[in-house]
Amino acid sequence: MGLLQNLDIDEFFLIDPYEEYNECKEVKSNANKMTDAQKEAHERLDGYSNLSWIEKYSDKAISEINRELDYVYIDGNHHHEYVKRYIENYYPLLKVNEILAGDDVNWMGVSRAVMEFAYRKELQPHFEPKHEDWFFVKGRNIDAKKPLPYTVEADLTENQRHSL
């Protein structure tokens with residue numbers, strides 16, 4: 001909720017179908033997990049006026065977004081083909097110098113999709129090791145020399161940055 005309170009973003013799109021899918025281990029152990037998650041999300045966030053709920057899979061939800069975005073955070077299916085599609089679908093919607101991020105870079109499917117996209121687009125990926133988060137800044141390519149402020153890499157020395 002810190003994002004909602006601290007960032008100057010006109011509109012947040014919250015995209016989640018709240019449906020079970022076969023690869024979701026948590027759902028198999030708790031049949032009500034998705035319903036509970038949907039209810040909790042609405043209880044916590046419905047008071048914010050700048051939210052747009054799109055309760056669809058991201059491939060279908062993208063057609064409802066007709067503007068450039070300031071920030072995209074991906075937390076969906078962690079298999080490579082899905083993460084790759086999420087990144088490829090939503091990166092073009094970002095404004096230049098804005099952020100596409102996600103979690104669980106420790107999952108093979110996530111890390112592979114992130115690194116393949118970074119390589120193909122010549123982007124500098126950033127990783128937050130304490131939280132297993134990753135992000136790109138649209139337009140920040142691999143030859144960017146100056147570390148981003150407020151990141152782990154900003155606090156590292158030159159030699160430490162190169163060893164990440």
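Q: What share of the contacts with a separation of 6 or more comes from residues 24 or more positions apart?
A: 62% of them. Contact means heavy atoms within 4.5 Å.

Q: What kind of model is it, and how are residues numbered?
A: It is a predicted model, where local features need pLDDT of at least 70, side-chain atom pairs count only at pLDDT 80 or more, and totals for chains, interfaces and linings use all residues. Residues are numbered from 1 along each chain as its sequence is written, and side-chain values use heavy atoms, with hydrogens and water left out.

Q: OK. How many helices and strands?
A: Seven helices and six strands. These are DSSP runs numbered from the N terminus: helices are H or I with at least four residues, strands are E with at least two. The order from the N terminus is α-β-α-α-β-α-β-α-β-α-β-β-α.

Q: What percentage of residues is buried?
A: 35% of the 164 residues. Buried means under 20% relative accessible area, exposed means over 50%, and partly exposed is in between (1.4 Å probe, protein chains only).

Q: Let's do strands. Do β3 and β4 pair in the parallel or antiparallel sense?
A: Parallel, over five bridges. β3 covers residues 69-74 and β4 covers residues 94-102. Strands pair if DSSP finds at least two bridges between them. Val-72 has Leu-100 as its bridge partner in β4, and Ile-74 has Gly-102.

Q: Which helix does the chain go through from β3 to β4?
A: Helix α5, residues 80-90. This β-α-β crossover is right-handed. That is, with the strands pointing away from the viewer, the path from the first strand over the helix to the second runs clockwise.

Q: What about β4 and β6, parallel or antiparallel?
A: Antiparallel, joined by four bridges. β6 is residues 133-137. Gly-102 stands opposite Trp-134 there.

Q: On to the core. How many residues are in the largest nonpolar one?
A: It has 24. Leu-69, Ile-87, Tyr-90, Leu-100, Trp-134 and Phe-136 have the most contacts inside it. Such a core is a set of buried Ala, Val, Leu, Ile, Met, Phe, Trp, Tyr and Cys residues joined through side-chain atoms within 4.5 Å.

Q: Which element supplies the largest share of this core?
A: α6, with five residues. β3, α5, β4, α6 (108-121) and β6 each supply at least two.

Q: What does Ile-87 touch?
A: Leaving out residues up to four places away in sequence, Ile-87 touches Ile-74, Pro-92, Leu-100, Ala-113, Val-114, Phe-117, Trp-134 and Phe-136.

Q: And Leu-69, buried or exposed?
A: Leu-69 counts as buried because its relative accessibility is 7%. Leu-69 is in strand β3. Beyond four places in sequence, its contacts include Phe-13, Tyr-90 and Glu-98. The C-alpha atoms of Leu-69 and Glu-98 are 7.8 Å apart, though 29 residues separate them along the chain.

Q: Switching to loops. Where is Asp-103?
A: In the loop between β4 and α6. Asp-103 counts as buried, at 14% relative accessibility.

Q: Why does Asn-77 count as buried?
A: Because its relative accessibility is 6%. Asn-77 lies in the loop between β3 and α5. The Asn-77 side chain reaches the backbone nitrogen of His-79 at 2.9 Å. A polar contact is a pair of N or O atoms within 3.5 Å; within protein, one must be able to donate a hydrogen and the other to accept it, and residues adjacent in sequence count only if both atoms are side-chain atoms.

Q: Last topic, backbone. What is phi of Asn-97?
A: Near 70 degrees, a positive value in a residue other than glycine. Most residues other than glycine have a negative phi. Asn-97 lies in strand β4 and counts as exposed, at 55% relative accessibility.

Q: And what is phi of Glu-132?
A: Positive, about 60 degrees, and Glu-132 is not a glycine. Glu-132 lies in the loop between β5 (126-128) and β6. Glu-132 is partly exposed, with a relative accessible area of 34%.
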